[in-house]
Amino acid sequence: MTGLRYVYAVCRPFGTPLQAQLAGVAGDPPRLLHHHGLVAVVSHVPERDFAEEPLRKHLEDLDWLTGTVRAHQSVIDALTVVTTPLPLRLGTVFRDDSGVRVMIEEREESFRRTLDRLQGRVEWGVKVYAETAAPDRAEPAETPAKPVSGRDYLRQRRQSVRSHEEMWQQAEAFATRLHETLSGYAEDARLHAPQNPTLSGASGQNILNAAYLVPRGESEEFVEMVDRTKGELPGMRVELTGPWAAYSFAGEEQQP
């Protein structure tokens, strides 16, 4: 089959075959390209969609982008089951196999160093949301007495603001303690910017968005540790995702 080469990840050789029915980007099943003791996981993609100019336009098409991201991630997920992949950026494309081999040679040292660091480890994501409404939108627990004077109004307003300040302080303290506990257990941790609820669609205010690098064999204990925190503080929602390939810990080597 002709076409450009789409590269999902680089990893060390592994013996377990990928899923037989696994389809990659543009529907082409991934294959393994061995070079210099490393493996690039690639598939063929049509030039009409993945050459530089059409790819740039497609990346602005939400429907096309969503399907491509899902196909890309399905290959990374399948790799994570059988080996430790170093994921490459979405839309990493080369003209042919020779271009992929040149890329491996140019970055061989950094690939090996990063793969050594990530070997046998997976990424877990933890998010904490404050589900209580923000101060300017919150409903009071009880309807306050109607103020009889300007002084009463200001006093009630101060009490309301103080109550919400305390709520946010508790939420931030909870998230900070959780992150410190999980960071002490994990081998490495990354704090990401809080998610925008308008874009993510998640309810509540995201106050912790973190990733943790954990040895695969210790993941069960890590998951139990997170589960024990759920329901610890009213109004806090803790979400755990993973295990993922270690995107957050690939460093500069992730960027082609």
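This is a predicted model: local features need pLDDT of at least 70, side-chain atom pairs count only at pLDDT 80 or more; totals for chains, interfaces and linings use all residues.
Me: What makes the largest cavity a cavity, and how much space lies in it?

Reply: The space in the largest cavity is about 30 Å³. The name cavity applies because a 1.4 Å probe fits there but cannot get out. Its lining includes Thr80, Thr83, Thr84 and Pro85, together with Arg121, Val122 and Arg216.

Me: How is the lining of the largest cavity divided by class?

Reply: The lining has four nonpolar, three polar and two charged residues. Arg counts as charged, and Arg121 and Arg216 are among the lining residues.

Me: Why is the second largest pocket called a pocket, and what is its volume?

Reply: A pocket is an open set of points, so the word differs from cavity, where the probe cannot get out. The second largest pocket has a volume of about 210 Å³. Ten residues line this pocket, and the closest to its centre are Val69, His72, Gln73, Leu90 and Tyr247.

Me: How do you know what span to expect for helix 3?

Reply: Helix 3 covers residues 62-82 and has 21 residues. The expected span is 1.5 Å times one less than the number of residues, and therefore 30 Å is expected for helix 3. From first C-alpha to last, helix 3 reaches 31 Å, close to that value.

Notes
Residues are numbered from 1 along each chain as its sequence is written. Side-chain values use heavy atoms; hydrogens and water are left out. On a 1 Å grid over the protein atoms alone, a cavity is a set of points where a 1.4 Å probe fits but cannot get out, and a pocket is an open set with protein on both sides within 12 Å along at least five of seven lines; lining residues have an atom within 4 Å of a point. Grid points are joined across faces, edges and corners, and a volume is the space filled by probe spheres set on the points. Helices (H or I, at least four residues) and strands (E, at least two) are DSSP runs, numbered from the N terminus.
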